[in-house]
Amino acid sequence: MSSQLRPESIAISAGRPPVSADAPLNNSIELSATFHAGGEIGYGRYGNQTWSSLESAIGALEMGETLIFSSGMAAISAVFATLSAGATVTASHHGYSGTMALLKTLEASGHIKVRYIDVANTDEVISALPGTDLLWLESPTNPTLDVADLPVIIPAAKEVGALVALDNTFATPLNQRPLEMGADIVMHSVTKYLAGHSDILMGSLSTNEASIFEKLSNARKLGGAIAGPFEAWLALRGLRTFPLRFAQAQINAAVIAERLSVHPKVSKVHFPGLASDPNHLRAKSFMNGFGAMLSFTIDGSSADADKVCAASTLITQATSLGGVESLWERRRRWPAESSTVPENLIRLSVGCENVEDLWNDIESALGQF
Ligand SMILES: Cc1ncc(COP(=O)(O)O)c(C=O)c1O
C-alpha cells in the first residue's frame, strides 16, 4: 500500500502495527534481549519489532529493504566491513569528516585502497571508475554542498561493475532517491532530518539486492552496532513529521541563502538553490529541492567566524544538523575537518523557526566583527 502513496503520506502511515479491534496505532518499545525459541528473530542483536517498524517506514521512503544501526557511522562502517581485503574504493576527497577519517584509517591499515576524486567533476569521477569495487558518494557534500551528477555517474559505475553506495543524509528521500537512480545502497545518518529532534543517534542502510542485504545484515549482527529500541521508537515518532519539517526548513534556507549572498560581510555562500551557485543547474536537473543546509565564508578571520557563531541567541552554536532547531558552527574548529574547507567557513543547518527571527539573529551576529 505504502509504495503507491506520496512521501508525506508514507512518513505518516508506514510502519504501523496491523489493524484489528483495539490494536494500538503505534508499535510499542520492545525491550527484550531474547525471544522465545522457534521464531524468526531469536535474539535481540538479530532483530526487534520496534526496529522493524522504523525500517519499513524508511524503506518505504527510500524504496528499499532497510536496516537500522546505532549511528550513521555504524551504518557506514557496516558497508566497508563487507568489502574484501584490498578492495578499491573511489570516494570524494572531501565529505563528512567522520567518513573521511574512516577511509583514511582503513587505508592506513591496508584494508582498502582509496582513489580520491572531486565528486562535482564528472570526468574525474568517471576516469577513476575502472577497477573500482565500491564508489562511495555523498551528495550534496558536507559541508560545501557540492553536487555529484548522479544520473551520469551511477550508470557509469554500474557499467564497470562497481558497487555504488550513497550517503543521502543532506538530500533526504524527498529530494532524491538514489536506489531509483540505480545505486545499490543508500545510507542515512537518521540522527539528522529523518529523526529530526537532535535527541538520538541512528543510521540506516537500504538496498534492493537480496545478496547485499544479507551481507549488511550479517555485518550488523556480527559488528553488533545495533540501535536501542527506545531510540528506534523516537526516530519513528520523529519521522512522522519529517516531510513537514523539511519543507519548512528548505523554505527558510532559501531565504537565508539569498540574503547572505548579498550581505557585505559574507564573501561566499554555498547553497545549490542559489542561481549563482556552480551546482545550481545540475541540482535543479534531477533533485526535487535544494535542502536546508548551507555554508558561507565571512569577510573576516577564523576568530571572527568563532565570534559570529558564539554571538547568536536563537541559532545554537553546535555541531550536527537536520533538527527542528537551527545550528551553526565554524567547521574547521574540528581538527578532522578537511584542510580544503576554508578556516572561516560557517556551516548552518537551517531549522523550522520563523525565518525573520533567524535572519535578525544572523544579522546581529554578523555585526560582532
Ligand atoms: C553527511 C553525514 N553522514 C554521516 C554522518 C554520521 O552520522 P552519525 O553522527 O549519526 O554517526 C554525519 C554526521 O554528521 C553526516 O553529516
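Helices and strands are runs assigned by DSSP and numbered from the N terminus. In the predicted model described here, Asp 22 is found in the loop between helix H1, residues 7-13, and helix H2, residues 49-62. The phi angle of Asp 22 is near 65°, a positive value in a residue other than glycine. Most residues other than glycine have a negative phi, and most peptide bonds are trans. Asp 22 counts as exposed, because its relative accessibility is 83%.

A positive phi is also found at Ser 198, where the angle is near 50° and the residue is again not a glycine. Ser 198 is placed in the loop between strand E6, residues 185-189, and strand E7, residues 203-207. With a relative accessibility of 42%, Ser 198 counts as partly exposed.

Cis peptide bonds were examined next. Pro 140 lies in the loop that runs between strand E4, residues 134-138, and helix H6, residues 150-159. Another cis bond joins Asn 142 and Pro 143, and here omega is about 5°. Pro 143 also has its place in the loop between E4 and H6.

Helix H3 covers residues 72-81. Of its 10 residues, 7 are buried, so the helix is largely enclosed by the rest of the structure. The buried residues are Gly 72, Ala 74, Ala 75, Ile 76, Ala 78, Val 79 and Phe 80. At the start of H3, a side-chain oxygen of Ser 71 comes to within 3.4 Å of the backbone nitrogen of Met 73.

The structure contains 0 disulfides. Cys 309 takes part in none, and the nearest cysteine sulfur to it, that of Cys 352, is 20 Å away. A disulfide requires the two sulfur atoms to be within 2.5 Å. The sulfur of Cys 352 has that of Cys 309 as its closest cysteine sulfur, and at 20 Å this is too far for a bond.

Methods. Residues are numbered from 1 along each chain as its sequence is written. This is a predicted model: local features need pLDDT of at least 70, side-chain atom pairs count only at pLDDT 80 or more; totals for chains, interfaces and linings use all residues. Side-chain values use heavy atoms; hydrogens and water are left out. Buried means under 20% relative accessible area, exposed over 50%, partly exposed in between (1.4 Å probe, protein chains only). Helices (H or I, at least four residues) and strands (E, at least two) are DSSP runs, numbered from the N terminus. A polar contact is a pair of N or O atoms within 3.5 Å; within protein, one must be able to donate a hydrogen and the other to accept it, and residues adjacent in sequence count only if both atoms are side-chain atoms.
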